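Hi,

Here is the structure I promised to send over. Have a look at it first, and then read on for my notes.

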Amino acid sequence: CTPPADSHSPPHSRRRPLDKKMASSSCTTMSAARTLTPFSRLRAQRRSSVKKATPLRLGVRGRTTTLVTQTRATSTESEVPSTMQTPPTNVDWEALDSQFQDDTVVQIMDKALELFGDGLAIAFSGAEDVALIQYAKLTGRPFRVFSLDTGRLNPETYQLFDDVEKHFDIKIEFTFPDEDAVTKLVNEKGMFSFYEDGHKECCGVRKVQPLRKKLKTLNAWVTGQRKDQSPGTRMAVPAVQVDPVFEGAAGGAGSLVKFNPLTNATSQEVWDFLRVMGTPVNKLHEMGYVSIGCAPCTRPVLPGQQEREGRWWWEDSAMKECGLHSGNLTAEQQAKQDEREATEEDIFNEVTAVDHAAIDALRVEPTHSKTTLAVLYAPWCPFCQAMVAGYEEAAASFAAKGVDVVKFRADGDEKEWSKENLELKSFPTVLLFPEGRGGFVKLGSERRDPDSLNIFVESIVGKL
């Protein structure tokens, strides 16, 4: 909170009736999919909306040469069916999500397209979520794809957009940020303000606001979220849910349904699928990039790192979400968080609490007589809450090795002091006060599981 990771079997290999059907009739199914339904007629109209070839007269070494150019019409939010399929009513989404836990990705995608038709669109970021488009193609149903062009994507991502359109014979509906909002942000704060004050503002302007606008033209959308992508924030990703953040075409809470068909798939399974299907992929993946976003905010990750650690790496926080999928807490978790904020119920109850005087004494102590591991936390922070079990487990293990493990509540009146004196930038923050030295060492990553904490401590003080 910024205050207030092997299977070699891809998902589709789990043979179930639908998958067998798709495998045995993919050609005939695809042919049937081209029947001129109202929606497919619309797609045919889009393809025919390519402007006529325009000959340009160019002079080349004294000769007049005719260069034929072709300009494709730009896809905008207005390029949607004038009348969308009526969304379903009286669906028990929680029950459907429970059913989806035993279904394949193709089955989930097929059901989504059956229920919503052209009122649903696949969100494509230009990364491995291209798998969603491949799965949609396997259903034999017409489908729509949209993408957010933030204006700061890598050249390889733009190339993938073009490759995907040609490979699948589709037209991606591109959505762009508001020009005035981008101009204001850049003129006031510069091109790289996110390195100084966090990525939230820039993502809000370039991604969240355009996404919100696009989703208000839909009844449902499909994302490539998976549970294994980011610790904490993506461990509660239903296969289908009423979108807890955004609104759909009808407006108001509950007007948009969100499908996450890849939620239970692993990165290995997704890549196995992409390889065997010969699906176009982003060339950046060959350079070590896993999670791909805007160019200034994306970098390759090292072996063993969580894939989302390649995004916004300069921020010391588990909050690796840009606001697009910030509703991943379960209803139970959300209710518990709300209750804690109201009652200020404490957490890390199996860990020794220290007050301001004690943590300050550790801070200024010239030479520490004992190694101490401390967490700076806020009870209301969901990422602190998610860390409780692991930290308490680590505390029990460290106690047997002579390491003290403590907690210090650093919100409220203690926040500003902690920011100034304990390098608090986000919750939770983990500090190590090593024996035989003064000062502290701050944990520099978002990996706070017991094994990672043990590696952190032993890398500083030696084998325990």
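Which strands does helix α13 lie across, and at about what angle does α13 run to β10? Before the answer, please keep in mind that this is a predicted model. Helix α13 (residues 382-399) lies across β10, β11 (404-409) and β12, and its direction is at about 165° to β10.

Those strands belong to an open sheet of five, in the order β9-β11-β10-β12-β13, with mixed pairing. At the edges are β9 (352-353) and β13 (441-442), each of which pairs on one side only. Further in, β10 (residues 372-377) and β12 (residues 429-433) are antiparallel and joined over five bridges; among the residues involved, L376 has T429 of β12 as its bridge partner. A further helix, α15 (residues 450-461), lies across β10, β12 and β13 and runs at about 30° to β12.

Now for the nonpolar cores. The largest has 44 residues, and F124, Y135, V164 and F259 are the ones that touch the most other members. Elements giving two or more residues to this core include α3 (93-100), β3 (120-123), α5 (130-139), α6 (155-168) and β8 (257-259), while α4 provides the largest share, with eight residues. Apart from this core lies another one, of 40 residues, including M387, V405, L424 and L453.

Best wishes

Note on methods:
Residues are numbered from 1 along each chain as its sequence is written. This is a predicted model: local features need pLDDT of at least 70, side-chain atom pairs count only at pLDDT 80 or more; totals for chains, interfaces and linings use all residues. Side-chain values use heavy atoms; hydrogens and water are left out. Two strands pair if DSSP finds at least two bridges between them. Helices (H or I, at least four residues) and strands (E, at least two) are DSSP runs, numbered from the N terminus. Contact means heavy atoms within 4.5 Å. Axes are lines fitted to C-alpha atoms, for helices over the stretch in contact, and angles run from 0 to 180 degrees between N-to-C directions. A nonpolar core is a set of buried Ala, Val, Leu, Ile, Met, Phe, Trp, Tyr and Cys residues joined through side-chain atoms within 4.5 Å. Buried means under 20% relative accessible area, exposed over 50%, partly exposed in between (1.4 Å probe, protein chains only).
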